[in-house]
Each structure stands twice: as structure tokens, then as C-alpha cells.
Amino acid sequence: MPDTAPAPVILGNETGSFPHSVLAERHPAIIRQVRASLPYGPHRQRALDALLAGCADGVIEPLPADAHDRDRWAAWGLDTYAGQSWFDVPWLWSESYFYRRLLEAVGYFRPGPEHAVDPFRPVKTAELDAPRTDEELSALDRLESRPAGERARALLHGSLWGNRADLGFRLSAGGDTPAAAPGLVADDSEILWSLLPPAGSGTLCLVADNAGRELVPDLLLVAHLLAEGRIGRVVLHVKPYPYYVSDATPADLLDALRRLTAAPGAAGAYGRLLWSAVTDGRLTVRAHPFSCGPLPYAEMPGDLRAEFAAAALTVVKGDLNYRRLVGDRRWPPTTPFADLTDYFPGPVAALRTLKSDVICGLDAGTEAALVAAEGQRWRTAGTHALIQVNAGAGTGRTSGAP
Ligand SMILES: O=P(O)(O)OC[C@H]1O[C@](O)(CO)[C@@H](O)[C@@H]1O
């Protein structure tokens, strides 16, 4: 980011701010939801009690000495932040560590009956099995007769707006997804398509966000791109363990694939295409530890950097990934997206509905209109979305143009 002075890092210590409400209200609500979803024994209940008490006024505790990932978290800053208030360290860091502590409390990484039991699985499967998912899948049949360009656009928008299906978000948004959206605050979709030309044989990296009703449309988009020959290969990056309630793990991907292949009509055909793409190696899955890391992508490790560098395009889905992509800071909203993503090793696109304060790449008129209509609520309400692309990332060019 050559000429862009770093903006202040977002912390959670301002009472009344959105980050503060996530730490003070949403995290306790998530703990309550987890204990209502699965019957944890007394030992786990006590650990959840301790985490709940610590969320309110405690300090960040280190991981147990025998935790398998203690060194990794030390490298990610735990030794610096342990002993400090959850509210006084970077918000991105404290949110991420909260999920690691939650998994510790429920014994996710420990030998025993709770080992690898996803505490969020009941809510994820309820969403995937909901009749609404059937309705969304059957809508695909109507799309089949439309021209390829129209189908592509619809599937891109399905993947984009699927990002509203975030279960953690709904815990504090009144129990349902926000009302239909007025539109995009930035739309670089033409540049995105130019990076995925017809007869393209390149690799698409898709950094997934939520499982269920977001992952399904992501998969449909990917299936379409493979079927139309716009890409030769897809690498789907998911989380190695449960995270931010609804983030997709490898198990969630299998659930989504099974859901699709069992569906009638066009959805089933897409599902079978994806199934064979997995079996013949055109669709591969990565669950890199850094995907659950508390740091911005600017600090990604070399192996991940090399993977993204080799892709024709990396599509980064969702709000959390956006925060990690541009840096979880109070950027002036007109800061160019390209300036903040130039460090990325190859062309990169963000598909995101706006659910936290971070924003960049707006033109001044758009920002002014949003503020005039809504104050600052547009930043967090989940009712706006964006498609931003930096086609020159990794080349030293700072423009969005290819
Ligand atoms: O599922 P998404 O789009 O990443 O959204 C999750 C978002 O929810 C929050 O937990 C609160 O907004 C953010 O921390 C995060 O950015």
C-alpha cells in the first residue's frame, strides 16, 4: 500500500460501538446458543461458564500448556495479548481468539466424546435442510433457459447475497436476514468477468465464508464457471475448524455437496458436476491453518501466498475475509481498494455484504449518499453489498483495470 498511511486499528473498547457490542453481547449469546444446541456434560458446562464470565470483565487467558496449536497462537500474538482485556486488543484478534477458546471449552481438540464435534453443526444443518433452501435450489430450473451471460450474472449475485446468510450475524440482527437490499455500493463485476474469459483454463481460488445458504450458491457459481469453460480448476479454501458460528469447514462442504446432488432438476445436475470435479481433481479443498488466523492477509504465510499467486483470480467471500483482506482499520471510505490490496500476490476480488465498519473503495458521491440516507448504519446492517476487484494485485500496478 505505497502511499496510504495506516488508519487506526479497530478495537472493541468503545462502548456503544459495533465491535463492542459483538464482544459484550454477541459472544455471550453464542455461548448460550452452543449450550442449548448440544448436551455438554458438567465439565464442559463449567468451562463454558468460565468463558462466559471472562467475556464480560475478564482478561485474555493463554491456551493450556498442552494445546496442539500453542506455538502457532504465540506466533499470532497470544503472548503479547494474554492478560489484556478482550476489549483493548485488535477486534479482529479478540473475535478470532474467542472462537478458539470456545472450541477449547467444548473439548473440540481433546480426545474424548466431544472430539471434533462441531458445536455449530445443529444450526448449520437446520439451515441447509430448511424448505427455503429447496425453494432457492428450484429457482435454478428457471435460470437454465436464460442466456449464459444472464445466468453467470445471476449466479454471481447469488453467491454475493448468499453472504447475508450468516448465522452469527442473525443472532444480533433480530433473528432473520435483513430485508432485500437496495443494491451495490461498488460494482467491479465487468473487471471480474474479464479475468475469467470464455475458454479460460486458469485456476480460481475461492476463499469461502459461510456454510449452508452461502456455500451452496458459491458452489453453483463454481460449477457454472467450470461448465462454461471459464476456468480449468477451482481451489476452495475453507476453515480447518468451526469458526464465527457458520463458517464453512470441509465437513460442511460435504454436506452441501450431498444436498446438491440429492436435489431434483438443475441443482442436482450442478451437484453431480461438482462431485465429478472433486473426483477428477478439478475441484480441490484447502483448509489452511491461517484461514482461522487472527491476522490480516497481508501477513499470510509463504505457502498460501504461492497458491494465490498461481491463480487467475482469487475471490474472497464475506465480511470477515474482507476485513482481513484490506486490514481491519478505520480507513477513509474513499481509500482506493487497489492501494489496500496491492500486497496480494495475484488478481483478487471481494464479494461481500457489509456487516462491519471497515470499508474502502467508495467514490465520494456514493459515501455521501449513504451517510445522508442512513447515517453510519449502512456499514453494519447487512443490507448493502460490494464487488471490488484489483486485477493488478501482485504486479506492482495499483489500478483496478486489467
Ligand atoms: O460471515 P461474514 O460475512 O464473514 O460476517 C461475519 C461478521 O460478523 C461479525 O462477527 C460481526 O459483524 C464480524 O466480525 C464478521 O466480520
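Predicted model: local features only at pLDDT ≥ 70, side-chain atom pairs only at ≥ 80, totals over all residues.
Residues are numbered from 1 along each chain as its sequence is written.

**Overall build**

Along the principal axes, the C-alpha atoms occupy a box of roughly 55 × 50 × 40 Å. Of the 402 residues, 46% are buried; a residue is buried if 20 or more other C-beta atoms, placed from the backbone, lie within 10 Å of its own, exposed if 12 or fewer, and partly exposed in between. Among contacts with a separation of 6 or more, 81% link residues 24 or more positions apart, a contact being two C-beta atoms, placed from the backbone, within 7 Å. The chain holds 17 helices and seven strands, which are DSSP runs numbered from the N terminus (helices H or I, at least four residues; strands E, at least two).

**Domains**

An automatic or database domain assignment supplies the bounds.

| Item | Residues |
|---|---|
| Domain 1 | 18–119 |
| Domain 2 | 127–390 |

The C-alpha centres of domain 1 and domain 2 are 27 Å apart. Their contact takes 21 residues from domain 1 and 19 residues from domain 2. On the domain 1 side, α1 (18–37) and α5 (91–105) each supply at least two residues. That side comprises 13 nonpolar, four polar and four charged residues; Ala, Val, Leu, Ile, Met, Phe, Trp, Tyr, Cys and Pro count as nonpolar, Asp, Glu, Lys and Arg as charged, and the others, Gly among them, as polar.

**Sheet**

Seven strands form an open, mixed sheet in the order β1-β7-β6-β5-β2-β3-β4, where pairing requires at least two DSSP bridges between two strands. The edge strands, each pairing on one side only, are β1 (183–187) and β4 (283–286). Strands β2 (residues 203–207) and β5 (residues 313–317) run parallel and are joined by four bridges; Leu204 has Leu313 in β5 as its bridge partner.

**Arg72**

Arg72 lies in helix α3 (residues 70–75). Arg72 counts as partly exposed because it has 16 C-beta neighbours inside 10 Å. Between Arg72 and Phe290, the C-alpha to C-alpha distance is 9.6 Å, with 218 residues separating them in sequence.
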